[in-house]
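Student: I have a structure to go through and would like to take it residue by residue. Can we start once it is on the screen?

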Amino acid sequence: MEDYLQMVSAEQKEYAEVSVYQRITENNHIITDFWTDNLLELILRKDNLNKAYKKVKSNKGKGGIDGMQVDGLLPYLKENQSEIIREIREGKYKPNPVRRVEIPKEEKGRVRKLGIPTVVDRLVQQAITQELTQLFEPQFSENSYGFRPGRSQHDALRACKKNVDEGYVYVVSVDLEKFFDTVNHSKLIEVLSRTIKDGRVVSLIHKYLNAGVLQNGFFEKTEEGVPQGGPLSPLCGNVMLNELDKELEHRGHRFVRYADDVLIFCKSRRSAERTLENIIPFIEGELFLKVNQAKTTVTHVSKTKYLGYAFYRNRGKCRFRVHPKSAKKMKGRIREITQKNKGWSNDYRRQKLGEYVRGWINYYKLADMKGLLAETDEWLRRRIRAIYWKQWKKVKTRYRNLRALKLEEWQVHQIANSRKGYWRTAQMLSVALTNKIIAKLGYISMLDYYLKVS
């Protein structure tokens, strides 16, 4: 196989990496069969493992149950790589259980369960994922956008906009209850086996599915579900839900799917209700997944939340806005960063605030939100002023800083001796710590950054 790859490389004047698979299999079924039947050898290629290591290293993340961190992976591999590869080839490799981590959801009292594999298992999973992606990508639907190369949430939202602009204004929002925790292993293995002809790879994936979970020192079997947190989980989720995509396409529906968030677009409420009624038996009867009836809804697009966005129509065209829940969450995070009692230095707080704001706006830049950001900027600057006021603890410090800001003496005297609370005084301080000065101090303006990137 290595000799063959080198031959392809020499003939095509480029390095024969994973992408060669697509080029050499287009017109040669013999090579296709050879490739899929010997998939494990391709997964264990040196260049594929090196690529997987770089990906795991760049993603960082916490260690698994063995306590090994990403920084310790390279020294470990130098000593044990040959043994790991041998065990995988012989079918003796045994993945470790994942470490359970619970992340609070927006709904009070609910959590999202993550399973963190060991860094070695992450490396092996990543190597598998890199090869399987090349096999399954051509099979996936054009209406699927989650965890796929070259596709993003913004692409999914633009596809929604296209459907709405063409008159499909009623939406079936399908909520799959605890999707990643309830994937049926037998069904998933059946679907994977249709494409993966190398039984050793199917067996290895099955081992990862059955590796179990370690939580609070107790081992728990995983007889169903795909633990979120490993590189293999998103691909397995897409493989499973591709069955739903194909069924929706067969029935002629317009839909957009990002991971397990599915929207089906219809032209009338009655049509949407009929679609929901007819698709539930397929999801539950054929895919063995559970539809959350309480959260699965039929609504006009203007009442739909998708990927943190809300929709509205203006002059017959679909537009985006930030959903109120997303705006509330954003303000909550900014409130955490700008807490007066956090003990951060001004430089560190400024850095963390800038990172969060830029990330948030880059995600929501498709939305119309000038008014929201102007209002949030005003509120944020007042919080920044309150932080500085708290830092100027002594009256003489306040006098010195206010005079340095070139206020009139009567204003200096009035503000420095104020007995009002931090929030009220922060409003008074706007004449000293003006918007321009706050900008010069390096604090980001949400509205200015939005206008720059949108």
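Student: Which helix holds Arg 382, and which side chain of opposite charge is nearest to Arg 382?
Tutor: This is a predicted model. Arg 382 is found in helix 16, residues 370-391. Arg 382 is buried yet has no salt bridge. The nearest side chain of opposite charge, at 6.8 Å, against a salt-bridge cut-off of 4 Å, is that of Glu 378.

Student: Leaving aside neighbours within four places in sequence, which residues are in contact with Arg 382?
Tutor: Contact here means heavy atoms within 4.5 Å. With neighbours within four places in sequence left aside, the contacts of Arg 382 are Trp 423, Arg 424, Ala 426 and Gln 427.

Student: Strand 10 and strand 11 pair over how many bridges, and which residue is the bridge partner of Phe 311?
Tutor: Strand 10 and strand 11 (residues 317-322) run antiparallel, paired over 6 bridges. In strand 11, the partner of Phe 311 is Phe 320.

Student: Which residue in the turn between strand 10 and strand 11 has a positive phi?
Tutor: The two strands form a hairpin with 2 residues between them. Most residues other than glycine have a negative phi. In this turn the residue with a positive phi, about 55°, is Arg 315.

Student: How does strand 9 pair with strand 10, and which residue stands opposite Lys 305?
Tutor: Strand 9 (residues 305-306) and strand 10 (residues 309-314) pair in the antiparallel sense over 2 bridges. They form a hairpin with 2 residues between them, and Leu 307 in the turn has a positive phi of about 55°.

Student: Is Asn 216 buried or exposed?
Tutor: Asn 216 lies in the loop between strand 4 (213-215) and strand 5 (218-220). Its phi is positive, about 55°, although Asn 216 is not a glycine. The relative accessible area of Asn 216 is 69%; the cut-off is over 50%, so Asn 216 is exposed.

Student: What is the relative accessibility of Phe 288, and where is Phe 288 found?
Tutor: Phe 288 is found in the loop between helix 13 and strand 8 (297-300). Phi of Phe 288 is near 60°, a positive value in a residue other than glycine. Phe 288 counts as partly exposed because its relative accessibility is 46%.

Student: How many Å apart are Gly 285 and Cys 236, C-alpha to C-alpha?
Tutor: Gly 285 lies in helix 13, residues 269-285, and is partly exposed at 42% relative accessible area. Gly 285 and Cys 236 are 49 residues apart in sequence. In space, their C-alpha to C-alpha separation is 19 Å.

Terms used. Residues are numbered from 1 along each chain as its sequence is written. This is a predicted model: local features need pLDDT of at least 70, side-chain atom pairs count only at pLDDT 80 or more; totals for chains, interfaces and linings use all residues. Side-chain values use heavy atoms; hydrogens and water are left out. Helices (H or I, at least four residues) and strands (E, at least two) are DSSP runs, numbered from the N terminus. Buried means under 20% relative accessible area, exposed over 50%, partly exposed in between (1.4 Å probe, protein chains only). Two strands pair if DSSP finds at least two bridges between them. Lys and Arg count as positive and Asp and Glu as negative; His and the chain ends are not counted.
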